[in-house]
Amino acid sequence: DSVSVCTNGWMAFGRTMLTSYNNSAIPATTPNVPAVFALWDDLTASVSGSWIGYWHDTDNGRFIIQWDSIAFNGNPARLRFQVVLEESTAARPYYDVLLYYSRFADPSNDISVGFQQNSTVGCQLQYDTSRALTFSPLAAGRAVRITRYPNPMGVSGEPQAEVLSRSFRLERAFPNPMRQGTTISYQMPVASKVSIKVYNVLGQQVRLLDEGQR
């Protein structure tokens, strides 16, 4: 009836004060609790604009935990991802767990992804550069379903890594300054018409980045 959420990209079932930041192979002895490791590494939520939140989506039978604009310690790469706990239904009685990745980076190649029942029973999808044979590399826009269903059809619909957004927001370009390219992210609470343009210092439009219904 409770969960614990760690800044370092993992959540545990029940109450724990563990803050394990040194990712390891899964199952892990530290932490040695039932846990889901969405993106386990030494992360920090102390950078500007970062936050961790949750939402009990009762209408759709989901409990959502979101890490937003979290950064690696010692590296400016920002991350945005979710763990979504689904309630059991007659059609899918398996309490599925979904992992959504909206902004992703792994500059040090030292993350762990997976889940465990305890320190001796678990499933490792990725540990550093080693991945399970059927586990493709993570990337922005990817989603992973953890299920006991014998023949899963994958994750339906689009990644929901913005479901906690309550307002329109245009992020700062990152990196800035840049040499070859930068990323500009935006959030919308509802479907809307989008137009994102770049102007020079003279007020002249130099690039249309995105336009249309989103």
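**View 1. Asp210 and Arg214 meet in a salt bridge.** In this predicted model, the side chains of Asp210 and Arg214 come together with N and O 2.6 Å apart. A salt bridge here is a side-chain nitrogen of Lys or Arg within 4 Å of a carboxyl oxygen of Asp or Glu. Asp210 is buried, at 18% relative accessible area, while Arg214 is partly exposed, at 39%. Buried means under 20% relative accessible area, exposed over 50%, and partly exposed in between (1.4 Å probe, protein chains only).

**View 2. Arg145 and Asp96 form a salt bridge.** Here the N to O distance is 2.9 Å. This pair links distant parts of the chain: Arg145 sits in strand E12 (residues 143–146), and Asp96 in the loop between E7 and strand E8 (97–103), 49 residues apart. Strands (E, at least two residues) are DSSP runs, numbered from the N terminus. Both Arg145 and Asp96 are buried.

**View 3. Glu86, Asp96 and Arg145 belong to one network.** Salt bridges with shared partners join these residues.

**View 4. Arg80 pairs with Asp68 in a salt bridge.** Their closest N and O atoms are 2.8 Å apart. Arg80 lies in strand E7 (residues 78–86) and Asp68 in strand E6 (residues 62–72), so the pair ties together parts 12 residues apart in sequence. Arg80 and Asp68 are both buried. Across the whole structure, the search finds 5 salt bridges.

**Notes for all views.** Residues are numbered from 1 along each chain as its sequence is written, and side-chain values use heavy atoms, leaving out hydrogens and water. Because the model is predicted, local features need pLDDT of at least 70 and side-chain atom pairs count only at pLDDT 80 or more, whereas totals for chains, interfaces and linings use all residues.

How values were computed: Helices (H or I, at least four residues) and strands (E, at least two) are DSSP runs, numbered from the N terminus.
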